Amino acid sequence: MARIAFIGLGNMGGGMAANLAKAGHAVRAFDLADAALARAEEAGCTRAASAAEAAGDADCVVTMLPAGRAVLSVYRDAVFGSVPASALLIDCSTIDVASARTVAAEAAEKGLAMVDAPVSGGIAAASGGTLTFMVGGEGDAFARAEPILSAMGKAVIHAGAAGAGQAAKICNNIILGATMVATCEGFALAEKLGLDPQTFYDIASKATSQSWSMTSYCPLPGVGPTSPADNGYKGGFAAALMLKDLKLAIAAAGDAGASVPMGAAAGALYQAFVNGDRDNLDFSAIIQMLDGKQQAN
Ligand code: NAD
């Protein structure tokens, strides 16, 4: 079992750190928020006074932070200067591809192995240990990361070189965002045309418009399997996080010279939705704006 420094114990990181402790790893945890640290202690982790202290004698550092700027500052200001040379660094945050490649290159310059390993799956998957990890980095580093990530997830997939995990994550989510918007539009149109929602679901779920957004996460309450729609669109994957990922994808597309008109349209719609103070609602709640029952601001 490994000594693991876990930095960033929020909605996702809290559950992930708990699963590492449950698997028998010695987890030394750090977060800027005292309440998050207290929850980690209750879940079997040891509290560290700083990110540098957590990383001090670690075999492995795992970070789960809000954005690229936080990741760069935690590694540059705390981890690189304190971690043993043999340690493996794993960043599970969703961040821009350029920052992921920069921090991996800086780690390599210091002789440290690093992977980017963003996740698919929300807060329930983080606490349930059923995340999917998409991993970017050298083969050796992936082989070392795989057993640690497996304690927190159901699938760990090597996507390619440094930054490839982040690339896979935003490409997945640009498809997801556009598919959710299209699913919401279709169901809203079906209702306006007088179709019963359940009847339309029974047809579409067995026809060519079937998708994960429809049959695993239906945006209508009472239709399909239980989803955030059945809980007032609370919990699940916040619209603000979908907007964050769409912005990352659109920016990466700009850098790569790729055309993403559907992703850009989904991004504009999620921006309008979030501007209406609905950032904490699940991303499927965008149906409330698209069906005309609740107007965009
Ligand atoms: P969160 O805001 O709940 O947690 C982030 C934590 O990081 C907070 O507890 C914060 O105090 C801490 N933090 C910030 N800066 C820090 C620093 N410099 N040092 C130490 N701690 C610091 O966010 P989350 O929902 O847990 O998301 C974390 C990452 O996972 C994000 O990149 C997000 O895009 C990604 N993600 C989230 C979900 C989801 O459903 N929430 C799903 C997939 C991926």
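How much space lies in the second largest pocket? About 260 Å³.

## Basis

This is a predicted model: local features need pLDDT of at least 70, side-chain atom pairs count only at pLDDT 80 or more, and totals for chains, interfaces and linings use all residues. Residues are numbered from 1 along each chain as its sequence is written, and side-chain values use heavy atoms, without hydrogens and water.

## The pocket

A pocket is an open set of points on a 1 Å grid over the protein atoms alone, where a 1.4 Å probe fits, with protein on both sides within 12 Å along at least five of seven lines; lining residues have an atom within 4 Å of a point. Its volume is the space filled by probe spheres set on the points.

The second largest pocket has 17 lining residues. Val-97, Ile-170, Ala-249, Ala-252 and Ala-253 lie nearest its centre. α11 gives the most to this lining, seven residues. Domain 1 (3–162) and domain 2 (167–290) both contribute, so the pocket lies between them.

## Salt bridges

The structure holds seven salt bridges (a side-chain nitrogen of Lys or Arg within 4 Å of a carboxyl oxygen of Asp or Glu). One pairs Asp-59 with Arg-3 at 3.4 Å, N to O. Asp-59 lies in the loop between α3 (51–55) and β4 (60–63) and Arg-3 in strand β1, so the pair ties together parts 56 residues apart in sequence.

Arg-47 and Asp-34 form another, at 2.9 Å, N to O. Shared partners join Arg-3, Arg-28, Asp-57 and Asp-59 into one network.

Notes:
Helix = DSSP H or I, 4+ residues; strand = E, 2+ residues; numbered from the N terminus. Domains from an automatic or database assignment.
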